[in-house]
Amino acid sequence: MGETANPHQQVQERVKKLVDRIQGLPTLPVMLNNINQMILNPRTSPKEVAHVISNDPSLTSKVLRVVNSSFYGFPNRITTVTHAIVILGFNTIKSIVLSSTIFDVFRRNVKPGDFDRTQFWKHSIGCGSAAKAIGRRLNYPMLEELFIAGLLHDVGKIVMDQYMPDKFVEVLNVVHTRDCLIAEAETEVLGATHADVGAWLFEKWNLSKGLIETTRCHHNPALAGENQKLAEIIHLADILIRAMRFGNGGDNRIPMISESAWKSLGLQHSDFDDLFFQTHAEIEKAMVFLDFIK
Amino acid sequence: MKLVKTEDARIGQRAARDVNDLRGNLLFKAGTELTAELLETCKARTISHLFIEEGGAAPQHNPLELETRKVNLSKELDRLFLGTDKSPTMVALREASKRYLLGKMPK
């Protein structure tokens, strides 16, 4: 992707035309909406949020599995959602619920030859892990936010695969025939990219501005406004994980790192070896998320 | 038979006992040769240790075959990075990627 983007309004028009064709796109699950509302209220207690989560046994089990995994690495076992919220805070629990919900919403039976969801989620988990490794290197204060932004940056691909499968097959055929980046094929076939569609979904779901802009601008982080740093990290993480050949997001090319993002992050070429090593370690810890799709 | 940490188990070794997940579902049977995919499944299911057959160490690799795999991997990375040579950052990334991936291959 180039450094300069199409004018924002034109892209929005194209995304609107595209998503208008999508029938029955899920709304934000009620549970997540309730939790979002509760967290906005400063009087909400961990016990109240835990009560909402505990109404869903499957979600409760997932939350406890993640908080007890090596991803967080607590020495003692956490046995209740209330305890998990007290230790990790509302926002972290919300992130776990969000990622778990998205894995569930976009679950479907996949036939051989379809877009490989397992490889896709491995790429996404890898991107989140790489984002954490980069963030740690840069002393970025919210590593959790980086992981979730990396995990969900490509969600637009799943939306297209699930809700406009014929068009998405066309996109994958262009990728295969021309050996190009998937975003280039999407622009040619659909007039908009997975980044636009993912951002549109997150906007519709009223998720955080940071997540929306990072998703929209992960191929062109200079356009992310006040979330530029976050978008730059996800941009680099996406490319790092491709270079590590962990998972696959639907194409077999490595996009260029934006020179302006690279300068802005202030990293050195000699940092790559350590970033690979640290990302590898983060992936080992984050594999519990892959269990969500099984 | 020996007990090893899952992270220390190697591709090509054989499971000495059936491996079940924490819910008791059979993942694979005793005698199965460990693959990268199976080891990943074990890690994803938080299986911390595995019983491995003694003497079932990773097979010896033919040096010529190994060298061919390394050359092919290097070529594949050159293909993935095609068209990025004008950027010193991308060249540095490609070389780091080669060091990382070639370093993961059996010695």
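Domain bounds here come from an automatic or database domain assignment. I kept that in mind while going through this predicted model.

**Chain B, domains.** I looked up how chain B is divided, and found domain 1 (2-52) and domain 2 (63-104). I then checked their C-alpha centres, which lie 31 Å apart.

**Chain B, helix α2.** I turned to α2 of chain B, residues 63-80, which has 18 residues. From its first C-alpha to its last, α2(B) reaches 26 Å, close to the 26 Å expected at 1.5 Å a residue. I asked how many of the 18 residues of α2(B) are buried. The count is zero, and I noted this helix as hardly covered.

**Chain A, domains.** I found chain A divided into domain 1 (26-98) and domain 2 (106-294). The C-alpha centres of these two domains of chain A lie 25 Å apart. Their contact takes 10 residues from domain 1 and eight residues from domain 2. On the domain 1 side, α4 (57-67) and α6 (90-105) of chain A each supply at least two residues. I sorted that side of domain 1 by class and got four nonpolar, four polar and two charged residues.

**Between the chains.** I looked at the contact of chain B with chain A, which takes 17 residues from chain B and 20 residues from chain A. Which elements of chain B give two or more residues to its side? I found α1 (36-44) and α3 (88-104) of chain B. Of these, α3(B) gives the most, with nine residues. By class, I wrote down nine nonpolar, five polar and three charged residues for the side of chain B that touches chain A.

Conventions:
Residues numbered from 1 in each chain as written. Chains lettered and ligands numbered in written order. Predicted model: local features only at pLDDT ≥ 70, side-chain atom pairs only at ≥ 80, totals over all residues. Helix = DSSP H or I, 4+ residues; strand = E, 2+ residues; numbered from the N terminus. Expected span 1.5 Å × (residues − 1). Buried ≥ 20, exposed ≤ 12 C-beta atoms within 10 Å, placed from the backbone. Contact = placed C-beta atoms within 7 Å. Nonpolar A, V, L, I, M, F, W, Y, C, P; charged D, E, K, R; others polar.
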